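Have the sequence and the 3D view open together. The paragraphs below go from one element to the next.

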Amino acid sequence: MSLLMKLAWRSLWRHKRRTIITIFSIAFSLGLAVFFISFAEGVYAELIDDAVRMQAGHLTIENKDYRQASSIDLLVENLSELRSEIKQIKGVKSTKAIIMGQGVAKSGRGAVGVAISGVEPKVEQSTSPLAKKIVAGRYLRAGDSNAVIIGKNLAQRLKLENTRELKKLHALLAPLFSPLLQDEELMDDLLRIRLSIGKKLVVTTNDVNGQMVEELVRVKGIFVTGAVQIDGYLIQVPIDFARHLVGMKDDQATQLGILLDPDTDRQEVISSISAVIANEPDARSIVVKKWEEVMPDLAAYIKIDGGSNYIFQGILIFLVMFTIFNTILMSVLERRREFGMLMAIGTPYQKIERQVILETIFIAAWGVLLGLVFGGLGGYAMQVNGLDLRQFYPEGFTVSGIAFDMIVHAKVEIPTLAVIGSTVFGATILLCLYPMGRIKRIPVADVIR
Amino acid sequence: MNAIVKLQDVHKDYGQGDVVVHALRGLSLEIDKGEMTAVAGPSGSGKSTLLNMISGLDKPTSGSIWVDGKDTSKMSRSQLSKLRLERIGFVFQAYNLLPVLTAYENAEYVLLMRGVPASERRDKVMAILKRVGLEGMEKRFPRELSGGQQQRVAIARAIVSQPALVLADEPTANVDSKTAAALLDLMAELNEEKGSTFLFSTHDRAVMKRAKRLIVLKDGQILENGSLEHLDE
């Protein structure tokens, strides 16, 4: 070990308590930052994943005017050829055709404005989280016609259940299950949902020519996502039925959603898709959009929430930096005599500087290492086991119409750890610059007496 | 020229405006190689200021100082630092050893800074520690040594690189009279053996007696300059 290293190392451990407190201050703040940032990254990743799977993918091909006025006649044509070409692009996992429209759902006892989503049941079953949110009945199947799945809230608003049937079941089940189902409302809820399955609805909307059309559909399943906007407003029908309803051809849809493989260079895929689109007959009217453009509310939420999270962690680290700064400054100031003596016997100033930097590096390296281990392990445990938020949010939690999965998982990523760790390490090293400057100003002749 | 130190009309003032302290007032003197000189005088007479001026730790307000033939008043901070490292050894009143280094490492420090190879360093350090009577105590830290032993380490550190000049600011002020006598014996022997030039400040008459030459300062001026016997007369 060189003399400077020896000096730095031993000087640190001369004040064990101070050194340990400083190392743990760095480790604690960094660990917290790593944990919360990993946690936020995990929540955002899940939220984005759910949203893109449920809606129109990581990338969406649609008419360039669709976002200004989401009209059913703003189409993507030549769908099958477009899909087969896009599937060849590296990083594209799957594609999904969607028809989105507005309409009214009518039952015998009510009418509610709805968003009609025509989807490919087979594709959605493997990609969309909605398929896993069915609480009664089943999800759509390929070959289903005049079938619909609706949210629990919508079913309640349309009062689909037969009142007589409901009363009969209540009377039958109450004596049997009331000791178990103490909450009568809950039992009522379950019965109403169950009794909505198989009931008929009339869906009214406009077709591509602007004419009003309507069709009778049968409820196949009820879903609960926890998002009021979805559970009370969205209905899903098979895409073939949707085409038939609005008068679209087989090769048409309002959107073509594209799901990407993890860690795909999105910009590269966009460039490749743009090249494919350029060869299409309707090249001028269709564009490829990122999910942030398709779901701007969600993107804005993540940006704001993520930003405030980073600011909070930044403030925490900044405050701890003051402790570290104070420690280094105190360590330099109380050793004025030692440094003065070193300068008196001819030690070059740069060597003393190097000693202080080495001491800071030791502290920073230990603090950062421990912080990354603590925060990383905490985050990893949360990544594997998840955190159940249901006790904190029994009603669920939605963002921009997307329901949070109430069991959230952190996402620990090496690049994130590297960035946070090196930022704290670098900041700690920078903090020693001022105390180092103070060494230069030591009045050597005075302090060595 | 045989002078290792030469001062010419050196003034040192502290403070500004109306509150100016004249620490040195036109001091001129020469110290020859191999001399063992004591600078005596009451507190505030300018002893420490004189040593600081010679070592380049402080700059004179006016006048010139030559050390080993070099005009220190024209030197930069780093040049002065280099001069101290290569040509001057220091012994301080309060020992000023590095508390985290052993006796061996403290003595080795200057050689390391000068880039002396490891094997040569080891021979020199072991020889000097033996010479100052610290054989077997190489691995002890300063806190494990007595005041006298610590000052011996400081002396070893000051002379291990065989500097042209050893400056000692009241080197025996913090030790008892018996230890002080032993330290002075040691410095006198080293002065004889190695021809090292010693310049130390003191206000202890017993210490003054051991010097070959005595310079007495008062109010920043030389009051007397010669041998103690001569001054006694």
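**A strand inside chain A**

Strand β1 of chain A (residues 59-63) is largely enclosed by the rest of the structure, because 5 of its 5 residues are buried. Here buried means under 20% relative accessible area, exposed means over 50%, and partly exposed lies in between, with a 1.4 Å probe and protein chains only. Helices (H or I, at least four residues) and strands (E, at least two) are DSSP runs, numbered from the N terminus. This is a predicted model, in which local features need pLDDT of at least 70 and side-chain atom pairs count only at pLDDT 80 or more, while totals for chains, interfaces and linings use all residues. Residues are numbered from 1 along each chain as its sequence is written, chains are lettered from A and ligands numbered from 1 in the order in which they are written, and side-chain values use heavy atoms, with hydrogens and water left out.

Two strands pair if DSSP finds at least two bridges between them. β1(A) runs antiparallel to strand β9 of chain A (residues 255-260), and 4 bridges join them. Within this pairing, A:E62 has A:Q255 of β9(A) as its bridge partner. β1(A) also pairs with strand β10 of chain A (residues 286-290), in the antiparallel sense and over 5 bridges.

A loop of chain A comes next. A:S128 lies between α4 (121-127) and β4 (134-137) of chain A. A:S128 is buried, with a relative accessible area of 0%. Apart from neighbours within four places in sequence, A:S128 is in contact (heavy atoms within 4.5 Å) with A:R53 and A:M54. From A:S128 to A:N309 there are 181 residues in sequence and 29 Å in space, C-alpha to C-alpha.

**Chain B and its sheet**

In chain B, an open sheet of 4 strands has the order β2-β1-β4-β5, with antiparallel pairing. Its edge strands, β2 (21-32) and β5 (70-71) of chain B, each pair on one side only. Strand β4 of chain B (residues 62-67) is joined to β5(B) by 2 bridges in the antiparallel sense, and B:W66 has B:D71 as its bridge partner in β5(B).

In α2(B), the residues B:L80, B:S81, B:L83, B:R84 and B:L85 are buried. The buried residues of this helix pack against α1, β4, β5, β6 (88-91) and α3 of chain B, together with α13 (336-344) of chain A.

**Where the chains meet**

How many residues of each chain are in contact with the other? The contact involves 25 residues of chain B and 22 residues of chain A. The area buried between the two chains is about 2,300 Å², and carbon and sulfur atoms give 63% of it; buried area is the accessible area (1.4 Å probe) that two parts lose on being put together, summed over both. B:V100, B:Y109 and B:M113 supply 24% of the area that chain B buries against chain A, more than any other three residues.

The count between chain B and chain A is 2 salt bridges, a salt bridge being a side-chain nitrogen of Lys or Arg within 4 Å of a carboxyl oxygen of Asp or Glu. The side chains of A:K6 and B:E105 meet in a salt bridge at 3.1 Å, N to O. On the side of chain B that touches chain A, α1 (47-55), α2 (77-87) and α3 (103-113) of chain B each supply at least two residues. The largest share, 5 residues, comes from α3(B).
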